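Have a look at the structure first, and then we can go through the points together.

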Amino acid sequence: MVKAFSYGLGTYDVAKLLEENNVDYLGVANIYEGIELRKAGIKLPIMVMKPEIESFDLIVEHHLTPAIFSSHALKTLIKTLHDTPFTISLKIDTGMHRLGFDEQEIPELLSILKEHPSLNIESVFSHLAATDEKEHDGFTKQQIEDFKRIANTISSEFDYHIDKHLLNSNGIIRFNDAQFDMVRLGIGLYGVSSELDSQNKLLPASTLKSKIAQIKRVSKGETIGYNRKGLATEDLTIATIPVGYADGLSRMLGNGNWKMIINSKKAPIIGNVCMDMVMIDVTNIDCKEGDEAFIFSNDNPITQMAKCIGTIPYEILTSYSPRVKRVFNYG
Ligand SMILES: *Cc1c(COP(=O)(O)O)cnc(C)c1O
């Protein structure tokens, strides 16, 4: 899954690396993400999870595989195609209640498909709603059973093989007997999980770092940053780091809620996060201008940052703005 700029890390490079390493399929959220990959020269099949019905002509033009989730979507595609052979994927709703055919809509779906044999159904899939939370494992198992039954009903109507796929990252780790023909690895590819047991089995693939722009001494009683929210309760040494909320560093991490790592030591954010910069307390840290500041890293994990501001790692990763330079190190 390389949607949302490969979970914020930069679509093209990740997609290219995956293509070079013989991944079978890429997945994106919308048509425009798929088109960007095609423009960057990606030849792999690309599945579009949430295709915009009004732009199906672009799906056809760029050889993307739409996840067809409703009869309306299917009929629109058929109109666009004029019987040209085309490959599609079918999305079934087994409990997520977002996009997909309900079980009772399957007979209607099958009758439309039968009338249009030029459509090649490459896969049938569904999405699990709660692989992160063990208390919902009963629900997840029911989703798996429902998916099997519905997918078998569909594939028994055709005389060619139709792939089945269901699992996202945490599903791959926790329900590996439901792998079917493919899995849709997303956040796990980037070494992150929102669930601790799974996180312990993964190595984060990204680090966010910057450099100290300036070091200042601040006397006891002086204040730091906007609205004077940072107060020096004693004489302090502070460092200014050129990363702010416009880069994706949540303002909720200010005022001591997050620490950066400077020369292996933790330096708390002092005062409010500004748009382009933030100040940290380095009073007890041996450091100089130009030294690296790790905003998140293996020792300062993104899972913890997410917890700290009441969100999930997915949101943290995808919040970093395009102006944060992405550097790929292929080892
Ligand atoms: C995003 C997405 C995935 C990947 O989910 P992760 O939890 O990141 O592995 C899989 N399937 C669908 C339909 C998705 O939208």
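1. Let's start at the ligand: a polar side-chain atom of arginine 184 comes to 2.8 Å from one of the ligand's nitrogen atoms. Tyrosine 314 places a polar side-chain atom 2.6 Å from a ligand oxygen atom, and isoleucine 187 has a backbone N or O atom 2.8 Å from an oxygen atom of the ligand. The protein covers 94% of the 390 Å² of accessible area that the ligand has on its own (Shrake-Rupley method, 1.4 Å probe).

2. A word on the model: it is predicted, with local features needing pLDDT of at least 70 and side-chain atom pairs pLDDT 80 or more, while totals for chains, interfaces and linings use all residues. Numbering runs from 1 along each chain as its sequence is written, and side-chain values use heavy atoms, without hydrogens and water.

3. Who surrounds the ligand? The shell has 13 residues, and the closest are Lys3, Tyr7, Ser169, Arg184 and Tyr314 (a heavy atom within 4 Å counts as near).

4. Lysine 114 belongs to helix α6 (residues 106-115) and glutamate 157 to the loop between α7 (137-155) and β6 (163-165), so the pair ties together parts 43 residues apart in sequence (helices have at least four residues and strands at least two, as DSSP runs).

Conventions:
A polar contact is a pair of N or O atoms within 3.5 Å; within protein, one must be able to donate a hydrogen and the other to accept it, and residues adjacent in sequence count only if both atoms are side-chain atoms.
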